[in-house]
Amino acid sequence: DDLAAGMGEPTQCGETLPAQAGAEHSGGPLRATQVATIFIFDFDGTLAATPLPDPGRDYYAQRTGQPWPFKGWWGRKESLLPPLSELIEDGPALADYLRIAHDRDSIPPCLLVMMTGRLPPFAKIVEGWLEARGVRPDVCFYHKGHGTTFEVKVRRIKELLLQFPASTRVEMWDDRPEHADAFEMLDQNAEMLGRPVAVRVHRVGPALARADGA
């Protein structure tokens with residue numbers, strides 16, 4: 001049950017959950033039966049302050065001389081590529097992630113997770129931006145399968161709780177109020193998560209309404 005073994009289907013930072021993902025404590029690689037807390041960070045608006053469609057489309061037009069050529073936004077890799085990448089700033093949860101990662105050897109064993117509504121093809125862009133800021137999650141989940149971003153994230157949390165049976169606490173960082181409200185309902189909710197665990201939600205960033213997808 002080494003952490004390096006068998007996370008299976010989800011996309012992970014480092015492609016599969018390897019030793020180089022950094023899931024180690026002072027005593028060496030973590031085992032699944034050691035993980036006590038799972039820390040989950042959203043990407044857009046949370047770890048990274050990424051551009052919204054408005055004013056992102058206007059900025060794209062100003063920089064390229066062409067209108068935004070796509071109907072959608074969150075499903076387009078171009079929303080994170082130049083020239084729009086010039087607008088990406090450190091998100092409101094980045095400092096919390098770096099603090100936990102720095103203190104990892106002095107706190108109970110934990111798992112650091114990045115979970116986003118972006119699609120798997122975004123992995124190289126997202127993880128490249130994170131890596132440049134010293135953010136190396138143990139696991140990265142992207143939107144794969146049917147359902148809304150919230151529904152997919154709940155399924156992934158259930159998978160993690162099965163994979164790490166000793167975990168008793170989940171802490172989440174999210175900028176979307178509707179998601180934060182729903183995640184708070186997971187606290188001690190065995191019906192939703194398969195077993196009761198403590199769930200704490202950190203609300204970050206401005207309350208900006210945006211279409212589901214990130």
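**Briefing: aromatic pairs, a helix contact and backbone exceptions**

W68 has 9% relative accessibility and therefore counts as buried (under 20% relative accessible area; exposed is over 50% and partly exposed in between, with a 1.4 Å probe and protein chains only). The model is predicted, so local features need pLDDT of at least 70 and side-chain atom pairs count only at pLDDT 80 or more, while totals for chains, interfaces and linings use all residues. Residues are numbered from 1 along each chain as its sequence is written, and side-chain values use heavy atoms, with hydrogens and water left out.

**Aromatic rings**

- Rings of Phe, Tyr and Trp (its six-membered ring) pair if their centres lie within 6.5 Å; planes under 30 degrees apart count as stacked, over 60 as edge-to-face and the rest as tilted.
- The count by this rule is eight aromatic pairs.
- F41 and Y97 form an edge-to-face pair, because their ring centres are 5.3 Å apart and their planes stand at 70°.
- F41 belongs to strand β3 (residues 37-41) and Y97 to helix α2 (residues 94-102), so this pair ties together parts that are 56 residues apart in sequence.
- Helices (H or I, at least four residues) and strands (E, at least two) are DSSP runs, numbered from the N terminus.
- Both F41 and Y97 are buried.
- W68 and W73 make a tilted pair, 4.6 Å centre to centre with 45° between the planes.
- W73 counts as buried because its relative accessibility is 4%.
- A cluster of F39, F41, Y97 and W173 is linked by ring pairs.

**Contact of α4 and α5**

- The axes of helix α4 (residues 149-163) and helix α5 (residues 177-184) come within 11 Å and cross at roughly 35°; axes are lines fitted to C-alpha atoms, for helices over the stretch in contact, and angles run from 0 to 180 degrees between N-to-C directions.
- T149, F150, K153, V154 and I157 of α4 make the contact with H179, A182 and F183 of α5 (heavy atoms within 4.5 Å).

**Backbone exceptions**

- Most residues other than glycine have a negative phi, and most peptide bonds are trans.
- The peptide bond from D54 to P55 is cis, with omega near 25°, and P55 is found in helix α1 (residues 53-64).
- A cis bond also runs from P82 to P83, with omega near 5°; P83 is in the loop between α1 and β5 (89-90).
- Q188 is not a glycine, but has a positive phi of about 60°.
- Q188 lies in the loop between α5 and α6 (190-193) and, at 47% relative accessibility, counts as partly exposed.
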